[in-house]
Amino acid sequence: MTRRIETALLVDDDDAFRTTLQGALRRRGVVARTAATIDEGLVALEYEPVDLVVIDYRMPRGDGLSALANYRKLQPDAAIVMLTGFGDIPLAVAAMREGADTLLSKPVDADKLLREAANLREAASLRDRQRPPPSSAAPTPPPGSLKLDELEREAIRAALRESGGVVATAAKLLGIDRRTLQRKLRKLGS
């Protein structure tokens, strides 16, 4: 049984997106608060913990990526989801390294966001309960918990959208060769 998300903090400078997502989460029974800046979000977390932190990657006064470690320090047990309209594999890796649990592309569906966050919290809870003694080998992650294919697919779709469907331009955005992107598209069946 997945752990239900009851409280959330949405940190995004886009007022329309932030309030729309807040309303969608509230309609699903989540107590959702918002912050328009990184600092505002950090202050909010000092006073009231949450189950889920959703933070935008690109913001005018500080990017979400550089703030992830501070958010993780304040909320070690929360699911932290970074949102971006400019997703790529290196960004996903950097976000995970800095403390995010996952990276999702904007616009995000509220149901998908809640499902993903609940699954992340449940997986963390299971890992904590099943933590091996320090001397044993590292456990293999449960099947399906690592979604590199999904992240790659989302990054490719975002690059293709941004490039207007031009494969060569999308490849440049992704930092890969055009032929490599074409092979990946064939493999993914896109």
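These notebook entries record what I looked up in a predicted model of one protein chain.

**Ground rules**

I number residues from 1 along each chain as its sequence is written, and side-chain values use heavy atoms, with hydrogens and water left out.

**Overall layout**

I counted eight helices and five strands in the protein chain. Helices (H or I, at least four residues) and strands (E, at least two) are DSSP runs, numbered from the N terminus. Along the sequence, the pattern reads β-α-β-α-β-α-β-α-β-α-α-α-α.

I then looked up burial, where buried means under 20% relative accessible area, exposed means over 50% and partly exposed lies in between (1.4 Å probe, protein chains only). Of the 190 residues in the chain, 45% are buried. The accessible surface comes to about 10800 Å², and 53% of this belongs to carbon and sulfur atoms. These areas come from the Shrake-Rupley method with a 1.4 Å probe; for residues, only the protein chains shown count as cover.

For contacts (heavy atoms within 4.5 Å), I took residues at least 6 apart in sequence. Of such contacts, 62% join residues at least 24 apart.

**Strand E3**

I found five of the five residues of E3 buried. In a regular strand the side chains alternate between the two faces of the sheet. Here Leu52, Val54 and Asp56 lie on one side and Val53 and Ile55 on the other, and both faces are covered.

I next checked pairing, which requires that DSSP finds at least two bridges between two strands. E1 and E3 run parallel and are joined by four bridges; Leu10 has Val54 in E3 as its bridge partner. E3 and E4 also run parallel, with five bridges between them, and Val53 has Ile80 in E4 as its partner.

**Nonpolar cores**

I used this criterion for a nonpolar core: a set of buried Ala, Val, Leu, Ile, Met, Phe, Trp, Tyr and Cys residues joined through side-chain atoms within 4.5 Å. The largest core has 26 residues, of which Leu9, Ile55, Leu65, Leu68, Tyr71 and Met82 touch the most other members. E1, H2, E3, H3, E4 and H4 each supply at least two residues of this core. A second, separate core has 22 residues, including Ala8, Val30, Leu52 and Ala117.

I also listed the contacts of Leu9, leaving out residues up to four places away in sequence. Among them are Ala44, Leu45, Val54 and Tyr71.

In H3 (residues 64–74), I found Gly64, Leu65, Ala67, Leu68, Tyr71 and Arg72 buried. Seen down the axis of H3, these residues fall within an arc of 150°, so they line one face of the helix. The arc is that of the directions from the helix axis to the C-beta atoms. Ser66 and Lys73 are exposed on the face turned away from the buried side. The buried residues pack against strands E1 (7–11), E3 (52–56) and E4 (79–84) and helices H2 (38–47) and H4 (89–98).

In H4, the buried residues are Leu91, Ala92, Ala94 and Ala95. Seen down the axis of H4, they fall within an arc of 165° and so line one face of the helix. Pro90 and Arg97 are exposed on the other side. Just after H4, Gly99 takes a positive phi of about 130°.

**Salt bridges**

My search of the whole structure gave six salt bridges, with a side-chain nitrogen of Lys or Arg within 4 Å of a carboxyl oxygen of Asp or Glu as the criterion.

I looked up Asp12 with Lys106 and found the closest N and O atoms 2.7 Å apart. Asp12 is in the loop between E1 and helix H1 (15–27), and Lys106 in the loop between strand E5 (102–105) and helix H5 (110–129), 94 residues apart. Both Asp12 and Lys106 are buried.

Lys106 also bridges to Asp56, with the closest N and O atoms 3.4 Å apart. Lys106 lies in the loop between E5 and H5 and Asp56 in strand E3, so the pair ties together parts 50 residues apart in sequence. Shared partners join Asp12, Asp56 and Lys106 into one network.

Arg18 and Asp15 form a salt bridge at 2.6 Å between the closest N and O atoms. Both lie in H1, three residues apart, about one turn of the helix. Arg18 counts as buried at 9% relative accessibility, whereas Asp15 is partly exposed at 47%.

Definitions and conventions
Predicted model: local features only at pLDDT ≥ 70, side-chain atom pairs only at ≥ 80, totals over all residues.
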